[in-house]
Amino acid sequence: MPDSPSQIESTVPYKIIHGKSDLAINGAPPAFGETLHVGRPNIGNREGFLQRVSEILDSRWLTNNGPVVQEFERRIAQYLGVKHCVAMCNGTIALEIAIRALGLEGEVIVPSWTFVATAHSLYWQGITPIFADIDPATQNLDPDAVRRMITPRTSGIIGVHLWGRAAPIDELQAIADEHGLKLMFDAAHAFGSSYKGQTIGRFGACEVLSFHATKAFNTMEGGAVVTDDDELAQAMRLMRNFGFAGYDNVIHPGTNGKMIEVCAAMGLANFDTLDDIFAINRHNHAQYTAALSDVPGISMLAYDPAERNSHHYVVLEVDEQCSASRDDIVAALHAENVLARKYFWPGAHLMQPYRDLFPHAGLMLANTDRVAEKVVILPSGTAIGVESITVVCQIIRTVART
Ligand code: T4K
């Protein structure tokens, strides 16, 4: 049996909060001596990882499609029920390679409400990201908004399964089919999620995963493109290795997108304990929901109980009914050493270079702008325990109290 990731109080709260005078923003000492982070890495089967690293060192095969990467790819493909998993050094390079292998060009429609890497992976290759608005209820792309952004230069759509909640896949596929566009997904948040009962990974032409340290399932740094398309997988395998088809034989332009053996070993070790990690996240999410559900103006973005989700992200929305603003709540949490995040504020369209390139993009992104002003992401994962979550919720309740 692998050792399981225990849910540890990596930092123990110092105080119980009864009223506003107990808050650090009002001069009291902070609740936590060490910072509580969003995205503290989950460490799965530690012994298994160390054992594999030792074997890797003994074998002197460290990278370049080694046996551990190959085993990792097989395990991921099997888990997702997909034909090909092409492992990469990170999710951003995986996006870039997928975009290039699919032959996207001109303009590609993406949400602005995503990590900026979704847009950068296009722009980096001379392709214009065109930002479409989201449905505020799901924070995912709104299909009607996507339709509005199509021009003769549009070659594709990248849907993002934000917070692991599936994008409106069927509707986006229908739009892509109708207009002859290519559709792929940024599934960086969606490892282990489902759509209409089917595991995310087989939708569109391909789906791109991130296994960054801060993800529910991590390989330290890492990513992958998963697809059922043999030719696409073959092209991406060439591209991630400079286009080499054998010693001294380059048949394709390529880059260096390879995953290293140690990262694959971390992935396999975390894979051993995936169910435990997801169960801890589910538990954390339920605790936050129960503790905050009656605070006026504060709501948790719910996960669809009919679908699978890693429950990795705890997404809070603070609206006008709340007596404190979102920024007041974030400032109070930071003062207590709780590094809550405003992901993905202010939206990619307000980050450079897009802010200068498209100064009027906001006119088409009213929902994005509204959502960006109310979101707070709270710490979860195996590095936070029940006691700490109780105190984080006390802080929020106290700040939000009139
Ligand atoms: N598409 C989407 C939708 C994505 O969300 C991402 C990545 C990508 C594409 C691209 O995939 P990758 O190329 O990254 O594989 C973080 C992550 O770096 C990024 O992977 C992730 N999304 C994004 C949502 O979050 P930052 O700039 O917020 O990272 P940073 O350094 O502030 O770390 C987050 C928190 O985690 C901090 O409070 C510190 C803590 N932390 C971080 C690391 C790395 C730890 O406690 N330990 C650690 O080892 O972007």
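Contact here means heavy atoms within 4.5 Å. This is a predicted model, where local features need pLDDT of at least 70, side-chain atom pairs count only at pLDDT 80 or more, and totals for chains, interfaces and linings use all residues. Residues are numbered from 1 along each chain as its sequence is written, and side-chain values use heavy atoms, with hydrogens and water left out.

**Asn367 and Ile134**

Leaving aside neighbours within four places in sequence, Asn367 is in contact with Asp133, Ile134 and Pro136. Asn367 lies in helix H12 (residues 366-372). Helices (H or I, at least four residues) and strands (E, at least two) are DSSP runs, numbered from the N terminus. Asn367 counts as buried, at 17% relative accessibility. Buried means under 20% relative accessible area, exposed over 50%, and partly exposed in between (1.4 Å probe, protein chains only).

Ile134 belongs to strand E5 (residues 134-135). Its relative accessibility is 0%, so Ile134 is buried. Not counting residues up to four places away in sequence, Ile134 touches Pro111, Trp113, Gln139, Asn140, Leu141, Asp142, Asn367, Thr368 and Val371.

**Nonpolar cores**

A nonpolar core is a set of buried Ala, Val, Leu, Ile, Met, Phe, Trp, Tyr and Cys residues joined through side-chain atoms within 4.5 Å. The largest one has 51 residues, and Phe72, Ile76 and Phe191 have the most contacts inside it. Helix H8 (residues 261-271) gives the largest share of this core, seven residues. Another core lies apart from it, with 32 residues, among them Ile17, Leu36, Ala324 and Ala332.

Ile76 is in contact with Cys85, Phe191, Leu209, Phe217 and Phe271, leaving aside neighbours within four places in sequence.

**Aromatic pairs**

The structure holds 18 aromatic pairs. Rings of Phe, Tyr and Trp (its six-membered ring) pair if their centres lie within 6.5 Å; planes under 30 degrees apart count as stacked, over 60 as edge-to-face and the rest as tilted. Two pairs share Phe217.

| Pair | Centre distance | Plane angle | Class |
|---|---|---|---|
| Phe191 and Phe217 | 4.7 Å | 15° | stacked |
| Phe211 and Phe217 | 5.4 Å | 80° | edge-to-face |

Phe191 sits in the loop between strand E8 (182-186) and strand E9 (194-195), and Phe217 in the loop between strand E11 (207-210) and strand E12 (223-227), so their pair ties together parts that are 26 residues apart in sequence. Phe191 is buried at 6% relative accessibility. Phe217 is buried at 3%. Phe211 is buried too. One aromatic cluster is formed by Phe72, Tyr79, Phe191, Phe211, Phe217 and Phe271.

**Helix H7**

In helix H7 (residues 230-239), the buried residues include Leu232, Ala233, Ala235, Met236, Leu238 and Met239. Their cover includes strand E2 (84-88), helix H3 (91-102) and E12. At the start of H7, a side-chain oxygen of Asp229 reaches to within 3.0 Å of the backbone nitrogen of Glu231.

**Ligand site**

There are 24 residues around the ligand, of which His37, Arg40, Thr92, Asp186 and Tyr343 come nearest. A residue is near a molecule if one of its heavy atoms lies within 4 Å of it. Polar contacts are pairs of N or O atoms within 3.5 Å; within protein, one must be able to donate a hydrogen and the other to accept it, and residues adjacent in sequence count only if both atoms are side-chain atoms.

A polar side-chain atom of His37 is 2.7 Å from a ligand oxygen. For Val38, a polar backbone atom lies 3.0 Å from an oxygen atom of the ligand. An N or O atom in the side chain of Tyr343 is 2.4 Å from a ligand oxygen. The protein covers 76% of the 930 Å² of accessible area that the ligand has on its own.

**Backbone features**

The peptide bond from Tyr343 to Phe344 is cis, with omega near -5°. Phe344 is placed in the loop between E15 and H11. Pro353 is found in that loop as well. The bond from Gln352 to Pro353 is cis, with omega near 10°.

Trp163 is not a glycine, yet has a positive phi of about 60°. Trp163 is buried, with a relative accessible area of 0%. Asp248, also not a glycine, has a positive phi of about 60°. Asp248 counts as exposed, at 76% relative accessibility.

Notes. Areas by Shrake-Rupley, 256 points an atom, 1.4 Å probe, with all protein chains shown as cover.
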